[in-house]
Amino acid sequence: MAFQPIIDVRSREIFACEALVRGTDGSGAAAILAQVTDENRYQFDQACRVKAVELAARLDIPGYVSINFLPNAVYEPATCIRATLEAAKRHNFPPERLLFEVTEGEQVTDHAHLKSILGEYTRRGFKTAIDDFGAGYSGLNLLAEFQPDIIKLDMALLRNIDRDPVRQAIVRGILGVCQTLNIEVIAEGVETSEELAFLRSIGIYLIQGYLLARPAFEHVPDINWTAIADE
């Protein structure tokens with residue numbers, strides 16, 4: 001796993017670190033995910049969760065640990081979470097610091113099943129998030145079905161947002177919906193100080209992206225705190 005921080009630019013603290021799968025040979029997530037099939041999806045999903053918890057405990061990861069999960073690998077939520085809970089207990093990692101992300105791009109046709117997964121995770125005290133929001137196949141329709149604790153705005157929606165009125169209008173609209181529903185918003189893929197300044201100006205303070213920190217293999221990277229200018 002590589003870890004990439006999510007920074008609260010108000011407090012200048014690490015809100016969470018996202019665990020990103022990597023190959024033992026250094027290959028990236030795309031190369032690994034390309035090897036996931038219907039036959040090995042469950043085993044892969046379980047192995048990623050356990051490894052993320054193990055490393056988070058060993059590295060003393062600050063804040064939440066954000067784990068991407070594959071909804072199509074979860075056949076029964078209460079059963080499929082057991083290995084994660086056992087890993088947390090074995091490594092003395094507080095389970096209430098786990099955050100589970102589901103990517104909007106994952107082709108989930110059974111929304112009732114996904115809703116039951118997120119409901120079970122919420123009942124157990126985990127935070128939940130929809131990743132890559134605005135890039136997938138269902139957009140706000142997905143949000144209408146279930147409301148997570150967090151949505152992560154996709155980087156494609158935020159690119160050059162400081163000078164793109166259309167993207168600004170879309171993001172303001174999503175932010176308004178999330179504020180009404182008491183959902184936190186994370187901006188991911190932030191790469192420029194201009195993008196960051198605009199996002200802060202409209203009230204988005206949880207930031208992830210190369211501007212602040214790149215993913216680091218099995219350790220927490222240094223944060224570019226100088227990029228967070230005083231308001």
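Which residue is the bridge partner of Ala2 in β9? In this predicted model, the partner is Phe217. That bridge belongs to the antiparallel pairing of β1 with strand β9 (residues 216–217), a pairing that has 2 bridges.

Because 7 of the 7 residues of β1 are buried, the strand is largely enclosed by the rest of the structure.

Strand β2 (residues 13–20) runs antiparallel to β1, and the two are joined over 7 bridges. In this pairing Ala16 of β2 stands opposite Ile6. The hairpin formed by β1 and β2 has 4 residues between the strands, and in that hairpin Arg12 takes a positive phi near 55 degrees. The pairing of β1 with β8 is also antiparallel, over 2 bridges, and there Ile7 has Ile207 of β8 as its bridge partner.

Strand β3 (residues 64–68) pairs with β4 in the parallel sense over 4 bridges, with Leu98 of β4 as the bridge partner of Val65. Strand β5 (residues 127–133) also pairs with β4 in the parallel sense, here over 5 bridges. In that pairing, Lys127 of β5 is the bridge partner of Leu99. How many of the 6 residues of β4 are buried? The count is 5 of the 6, so β4 is largely enclosed by the rest of the structure.

Is Glu18 buried or exposed? The cut-off for a buried residue is under 20% relative accessible area; Glu18 has 5%, so it is buried. Its side chain makes a polar contact of 2.9 Å with the side chain of Asn68. Apart from neighbours within four places in sequence, the residues in contact with Glu18 are Ala2, Phe3, Gln4, Ser66, Asn68, Glu101, Asp131, Lys152 and Gln208.

At least two lining residues come from each of β2, α1 (29–33), α2, β3 and β5. The largest share of the lining, 5 residues, is supplied by α2.

The next topic is the nonpolar interior. In soluble globular proteins, nonpolar side chains tend to be buried together. Here the largest nonpolar core has 65 residues, and those with the most contacts inside it are Phe69, Ile151, Leu153, Ile204 and Ile207. Helix α2 (residues 41–58) contributes the largest share of this core, 6 residues. A second, separate core has 8 residues, including Phe15, Ala16, Ala129 and Ile150.

Ile204, one of the residues with the most contacts inside the largest core, touches Leu153, Val171, Leu175, Val185, Ala187 and Leu199, not counting residues up to four places away in sequence. Leu199 is among the buried residues of helix α9 (residues 193–201), the others being Glu195, Leu196, Phe198 and Arg200. The elements that cover these buried residues include α7 (155–158), α8 (165–180), β7 (184–188) and β8 (206–208). Just after α9, Gly203 takes a positive phi of about 100 degrees.

Burial extends to a loop as well. Pro71 lies in the loop between β3 and α3 (77–80). With a relative accessibility of 1%, Pro71 counts as buried. Pro71 and Asp45 are 26 residues apart in sequence, and the distance between them in space is 9.2 Å, C-alpha to C-alpha.

Note on methods
Residues numbered from 1 in each chain as written. Predicted model: local features only at pLDDT ≥ 70, side-chain atom pairs only at ≥ 80, totals over all residues. Heavy atoms only, no water. Buried < 20%, exposed > 50% of the residue type's maximum accessible area, 1.4 Å probe, protein only. Contact = heavy atoms within 4.5 Å. Pairing = 2+ DSSP bridges. Polar contact = N/O pair within 3.5 Å; in protein donor to acceptor, adjacent residues only side chain to side chain. Core = buried A, V, L, I, M, F, W, Y, C linked by side-chain atoms within 4.5 Å.
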